[in-house]
Amino acid sequence: SLQYSIGTNDRNLSATGGGFTTTMGRDRRLKYGGDASVQGRTSLGRRMTASAGYSQRVHPLSHLGLFNGLPPAANNPAANPLNGFVARRSFSSSATASIRRDWTRRLRTDLGYGWNSRTLDDQLGFDDTTQNGRFGIDYSVGRNTGFQSDYRYTEGRYVQPDGTTHDLVTH
């Protein structure tokens, strides 16, 4: 893993990255993965802060068919799908952006957006994309007491291996 940061508390940029290898299953082949991300933050005047980030990940996923069984297309090494093993990969990306405003010493608002995507390298599960928007308000009454309220809207799309899509919206 490697991390690099530059800047001050008001303005900064950081980048991280890492990788790993693992082995599992009967074939004992190495499976690898890794991630990389970049994040930044800047002050927009005395009372406003903006931040943004992006990350990319590649992860090996290993599934045992112990309780639910594996789908027939899993091409499992064991003859019985109830004790088979499947190794596959997951590719995911995410991006975030937010703005925070301090109106007074006690009152603060937050506005943010996030996007996530995950794709599997085979056709055995859901691929998904989600995005969300968020608004929050925070009011401090005393040193250790305050009120906080958030509203979040999330919209997701899940694609089955046969191409059927499912949309999900939450508030």
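Rings of Phe, Tyr and Trp (its six-membered ring) are taken to pair if their centres lie within 6.5 Å, with planes under 30 degrees apart counted as stacked, over 60 as edge-to-face and the rest as tilted. By this criterion, a search of the whole structure, which is a predicted model, returns zero aromatic pairs. Residues are numbered from 1 along each chain as its sequence is written, and side-chain values use heavy atoms, with hydrogens and water left out.

The protein chain contains zero helices and nine strands, where helices (H or I, at least four residues) and strands (E, at least two) are DSSP runs numbered from the N terminus. Of its 171 residues, 25% count as buried, a term that stands for under 20% relative accessible area, with exposed meaning over 50% and partly exposed the range in between (1.4 Å probe, protein chains only). Among contacts (heavy atoms within 4.5 Å) between residues at least 6 apart in sequence, 43% join residues at least 24 apart.

Although aromatic pairs are absent, charges do sit over rings, which requires NZ of Lys or CZ of Arg within 6 Å of the ring centre and within 35 degrees of the ring normal. Arg89 lies over the face of Tyr32 at 4.2 Å from the ring centre, and Arg101 lies over the face of Trp103 at 4.3 Å.

A nonpolar surface patch of about 610 Å² is formed by Ile99, Leu111, Phe135, Ile137, Tyr151, Tyr153 and Val169. Strand E7 (127-140) and strand E8 (146-159) are the elements that each give two or more residues to this patch. Patches consist of residues with over 30% relative accessible area and no salt bridge, nonpolar side chains (Val, Leu, Ile, Met, Phe, Trp, Tyr) being joined within 5 Å and like charges within 9 Å. Leu111, located in strand E6 (residues 107-120), is exposed, with a relative accessible area of 51%.

In strand E7, Gly136 is buried because its relative accessible area is 3%. With residues up to four places away in sequence not counted, Gly136 touches Arg108, Thr109, Asp110, Ser149 and Asp150. Phe147, in strand E8, is by contrast exposed, at 56%, and touches Ile137, Asp138, Tyr139 and Val141 under the exclusion of residues up to four places away in sequence. The C-alpha atoms of Phe147 and Leu107 are 9.7 Å apart, although 40 residues separate them along the chain.

Key:
This is a predicted model: local features need pLDDT of at least 70, side-chain atom pairs count only at pLDDT 80 or more; totals for chains, interfaces and linings use all residues. Accessible areas come from the Shrake-Rupley method with a 1.4 Å probe; for residues, only the protein chains shown count as cover. A salt bridge is a side-chain nitrogen of Lys or Arg within 4 Å of a carboxyl oxygen of Asp or Glu.
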